[in-house]
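These are my notebook entries from an afternoon of looking things up, residue by residue, in one structure.

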Amino acid sequence: MPVPDLVALRRTFLAAGTANPFVDRTILELADHFEDLVDAGCADGLKRSDAEQRALATLGELDVLEQAVRRQPALKSWAWNWPRVASVFYPLAWLVALPMLPVAAGVAHAPEIARWAGGIVLAAFVTATMFLVLQLSIASA
């Protein structure tokens, strides 16, 4: 069953520095357009495989689209356009974000953490009580 290789096209776009939102939108629109062409072919009385062949021929070569996107600097991601700024910004962003991850995880799992903390406090209280009873029984003997 012939279908356009949109996964490879996506990889090619991303390797060329194309911005993620544009890549996502383009791949989604190509997949929708291909399905619309196949459905139109099936509505015209073609078998699914013949409709897919006709849809591929109508779409044309994806290499032409790839080259057109590569020539558009406005479609590049900011990190591709300014790599030195990105090489400073990304480590600083991670430096700020990494200490926040445990806090975010703690907020997201607050009920479970409260249950564990309550269990630990209760276990410590029971253990301390047992040691106190043991100490009092030894001292009174």
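I began with Lys76, whose side chain reaches the backbone oxygen of Ala16 at 2.7 Å in this predicted model. I found Lys76 in the loop between helix 4 (62–70) and helix 5 (78–81). Lys76 is buried yet has no salt bridge, and I noted that the nearest side chain of opposite charge, Glu66, is 9.5 Å away.

Next I asked which residue Glu66 forms a salt bridge with. The partner is Arg70, with the closest N and O atoms 3.3 Å apart. Because Glu66 and Arg70 are 4 residues apart in helix 4, about one helical turn separates them. Glu66 is buried at a relative accessible area of 12%, whereas Arg70, at 38%, is partly exposed.

I then searched the whole structure and found 5 salt bridges. One of them joins the side chains of Asp24 and Arg10 at 2.7 Å, N to O. This pair links distant parts of the chain, since Asp24 lies in helix 2 and Arg10 in helix 1 (residues 6–15), 14 residues apart. Another salt bridge, at 3.4 Å, N to O, is the one in which Arg48 and Glu35 meet, and here helix 3 (residues 48–59) is linked to helix 2.

Glu29, Asp32, Asp36 and Asp39 form a negative one, and I placed Asp36 in helix 2 (residues 20–43). A nonpolar patch of about 870 Å² includes Trp94, which is exposed at a relative accessible area of 52% and is found in helix 6.

Conventions
Residues numbered from 1 in each chain as written. Predicted model: local features only at pLDDT ≥ 70, side-chain atom pairs only at ≥ 80, totals over all residues. Heavy atoms only, no water. Patch = residues over 30% accessible without salt bridge, like charges linked within 9 Å, V, L, I, M, F, W, Y side chains within 5 Å. Areas by Shrake-Rupley, 256 points an atom, 1.4 Å probe, with all protein chains shown as cover. Salt bridge = Lys/Arg side-chain N within 4 Å of Asp/Glu carboxyl O. Lys, Arg positive; Asp, Glu negative; His and termini not counted. Charge placed at Lys NZ, Arg CZ, Asp CG, Glu CD. Helix = DSSP H or I, 4+ residues; strand = E, 2+ residues; numbered from the N terminus. Buried < 20%, exposed > 50% of the residue type's maximum accessible area, 1.4 Å probe, protein only. Polar contact = N/O pair within 3.5 Å; in protein donor to acceptor, adjacent residues only side chain to side chain.
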